Amino acid sequence: MERYICVHAHFYQPPRENPWLEAIELQDSAHPYHDWNERITAECYSTNATSRILDEEGWIVEMVNNYSNISFNFGPTLLAWMEVHAPDVYQAVLEADRLSQERFSGHGSALAQAYNHMILPLANRRDKYTQILWGIRDFEKRFGRYPEGMWLPETAVDLECLDILAEFGIRFTILAPHQAARVRPLGTDDWEDVSGANIDPTTTYSVSLESGRTITIFFYDGPISRAVAFERLLRKGEHFAQRLMAGFSDSRSWPQLVNIATDGETYGHHHIHGDMALAYALHYIESNQLAKLTNYGEFLENHPPTHEVEIFENSSWSCFHGVERWKSSCGCNSGGNPKWNQEWRAPLREALDWLRDSLAPVYEQRSSELLKDPWRARNDYIQLILDRSTPCLENFFVEQAAHDLEPSEKVDALKLLELQRHGMLMYTSCGWFFDELSGIETVQVIQYAGRALQLSQELFEHDLEPHFLELLARAKSNIPEHGNGQLIYEKLVKPTALDLEKVCAHYAVSSLFEDYGEEARVFCYRAEREKYLLEEAGKTKLALGRTKLTSEITGESARFCFGVLHWGDHNFSCCIMGCEPDDPWAPKVEAVFESFTRADFTETIRLLEAHFGPSTYSLRSLFRDEKRKILDIVLESAITDAEASYRHLYEYNTPLLRFVTSLGDPPPEFLHYAAKFFLTFSLKRAFEEEVLDLADIENLLNEARLAGISIDAATLEMVVRKKIEGFALLLFRSMEDIFLLQELEAIITLLAHLPFRVNTWKVQNICFQLLNSQNFADLQEKAGQGHEEANELVGLFISLCEKLHIRVSQFMIG
């Protein structure tokens, strides 16, 4: 009997970018990482690209790209982020699809996904069509082929969605077993009720659509998928393999496909080392010839449907009430806050639906003056989202423009299309999935609505915001301080809204600490410096300038003159004024600088306001990352003073701390805090030195142990990790640098003495690559010929690899 296994992983993160910056700002909740995308990439996406297979003693014997052995989809917006911020992982994902085509009879394992994870049954037909089309075009751009299958967000489905998929030539999608209603053999009328997840998931099914088209459905194995996601099946790879094999039955006479589907983040983020359990399970199944690994495209080619299925429309995999989780308080939630309710979901959706439906007719009317077909232009706008280069922009307008557009008309056309893009981004499913209206995912979708409202006001000169906020106020937060949706909008969304003047304020203040040069990119804006002067007087700085700012998204541009005074510490005064290229410059500069030279700062501010407008901007005007960076700079002296005070307090009381610890009693809280601050600060500084003083580091660690002090492990782990990764990258480029190899080997030896575990994943990857390299083979050959330095290098490198628990014997020559 033919037995096949297919594991599908749905990898997805909601778009987290600030709508005005097109970048993810610092998210403190993801500490010690910059943001949640970065954190989950480290914990899951990257680990699945180089997953470990261990031997009986827990040593690494092989590294595999899990993606090439499974079926998977990545959300397009996540891939767009990954392409820029995790290019090595991005390339591993693309390479996995290429390798899977070689392995699975020409069928790639990657599936497309509807663009920004909108719940399609709750969308109008126009949005469904665009979301599916954008998902396909994004997939083609990245993977270089047309997708065979598409993942529906939350597997939420109706017949209209399936018909649009079929219209685009998508051959299959994946659903949960409880989404099947009844089945029958093709060509018969013998329907069988399979509701309640009673469908057999080991074969394929065809859905007949009113249009006359058909599409294939794979139903995943519910119990095994649930065990993987929620029942800790990934604790041991062999158990995972055995559970997969238990999905087969000798009573079936047809070729069986045991297929499961879960969130991809299950393999590493939700369950640490879940990627390794997956890698080992598939290795175990293949090496013991228990079943053949396949993907959906290959299985469908060889085993087309023999049965027809009818589905439950408006159903999904993560809501037992259909798709209510995204529009009502149905009872589905994360379970972490049992006293909260989700009554806010309905008014949030109603407010967004009203906004969408209010924007559609005015978009169509205004766009018709500029574009041949407003809705076709929206569909094709994905071309610009994927490539905003000047040639692509010009080609787009050649195809879409109703006439030869003036520059200002092109700006309006792009704003109209951005209006529609944000009008779809605001429906990203995570906005409703979790428990609270003020959660970061929900605030994110309200931010997209805020950007759409801003664009609407700029384009149509009518203000939809008041009525939108009336509707949003009906959504009540579970947290009293947040009140309702209107208050959340005013507190968490409105302050993030930008225009070009606010971008200039950021540019002006941050220019005191960063040399932007003649041209610079400030997030999604281009800054062209026309004039710039900087003077300093002690801790006080004054900058005057003129710059032209242009949005890379809409092409909108404006010129500003600015003056910014930094009094020291956190005190900034920044004045901004729109200007023209021929506005007089010298008189303004002379008057302001003359007062600054006299240290008459009160007069300097008066003149700044007279020549550059009122001082309405300060350090608060900076974007989050730059604000944090500048705060770190201005706080540096305060931190140094604190470090000196804590050092004195700690060193004076060290004997007392050690004595108290030896008694087994906790140290006084104020002494513990002082010691923790001093020792953590000292260790952080020691590990950040270009040349490490390992003896000093060991002394500090010993002091912490003797004093019973728990240092800040999360902060130090990241510092140490970055240090050893930097050394490993240098080693990769220059394996024959014996001093570098000695230094790295010594630091890795030190890790065993740290009171916390350091993630050596990247270092292991690099060393494993080097073991496999021709470089290492050549070194071994030289060592075998009696070359003394080569012999020492090989010995050091073997020692390093063994300390990293990499089994080296299989790579040794002779």
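Visitor: Which residues lie nearest the centre of the largest pocket?

Guide: A pocket is found on a 1 Å grid over the protein atoms alone, as an open set of points with protein on both sides within 12 Å along at least five of seven lines, and lining residues have an atom within 4 Å of a point. In this predicted model, 39 residues line the largest pocket, and Phe230, Asp263, Trp317, Ser318 and Phe433 lie nearest its centre. Local features here need pLDDT of at least 70 and side-chain atom pairs count only at pLDDT 80 or more, while totals for chains, interfaces and linings use all residues. Residues are numbered from 1 along each chain as its sequence is written, and side-chain values use heavy atoms, with hydrogens and water left out.

Visitor: What volume does the largest pocket have, and which elements supply its lining?

Guide: A volume is the space filled by probe spheres set on the grid points, which are joined across faces, edges and corners. For the largest pocket that comes to about 1,200 Å³. Helices and strands are DSSP runs numbered from the N terminus (H or I, at least four residues, for helices; E, at least two, for strands). Helix H1 (36–49), helix H6 (222–230), strand E12 (256–263), helix H15 (430–433) and H16 each give at least two residues to this lining. H6 has the largest share, 6 residues.

Visitor: How do the residues of that lining divide by class?

Guide: Ala, Val, Leu, Ile, Met, Phe, Trp, Tyr, Cys and Pro count as nonpolar, Asp, Glu, Lys and Arg as charged, and the others, Gly among them, as polar. The lining of the largest pocket has 19 nonpolar, 13 polar and 7 charged residues.

Visitor: How many cavities of 30 Å³ or more are there?

Guide: A cavity is a set of points where a 1.4 Å probe fits but cannot get out. The structure holds 2 of 30 Å³ or more. The largest cavity has a volume of about 80 Å³, and its lining includes Pro14, Arg16, Cys430 and Gln444. H16 gives the most to that lining, with 4 residues. The second largest cavity holds about 50 Å³ of space, with Phe74, Leu111 and Phe143 among its lining residues.

Visitor: At what angle do H14 and H16 pack?

Guide: Axes are lines fitted to C-alpha atoms, for helices over the stretch in contact, and angles run from 0 to 180 degrees between N-to-C directions. Helix H14 (residues 407–425) and helix H16 (residues 440–460) pack at about 155 degrees, their axes 8 Å apart. H14 is therefore roughly antiparallel to H16. (Angles under 35 degrees count as roughly parallel, over 145 as roughly antiparallel, 65 to 115 as roughly perpendicular and the rest as oblique.)

Visitor: Which residues of H14 and H16 meet?

Guide: Contact means heavy atoms within 4.5 Å. Among the residues that meet are Asp412, Leu419 and His422 in H14 and Tyr448, Arg451 and Leu455 in H16. The residues of this contact divide into 9 nonpolar, 2 polar and 5 charged.

Visitor: And how do H4 and H5 pack?

Guide: H4 and helix H5 (residues 159–167) pack at about 40 degrees, with axes 10 Å apart. The two helices are therefore oblique to each other.
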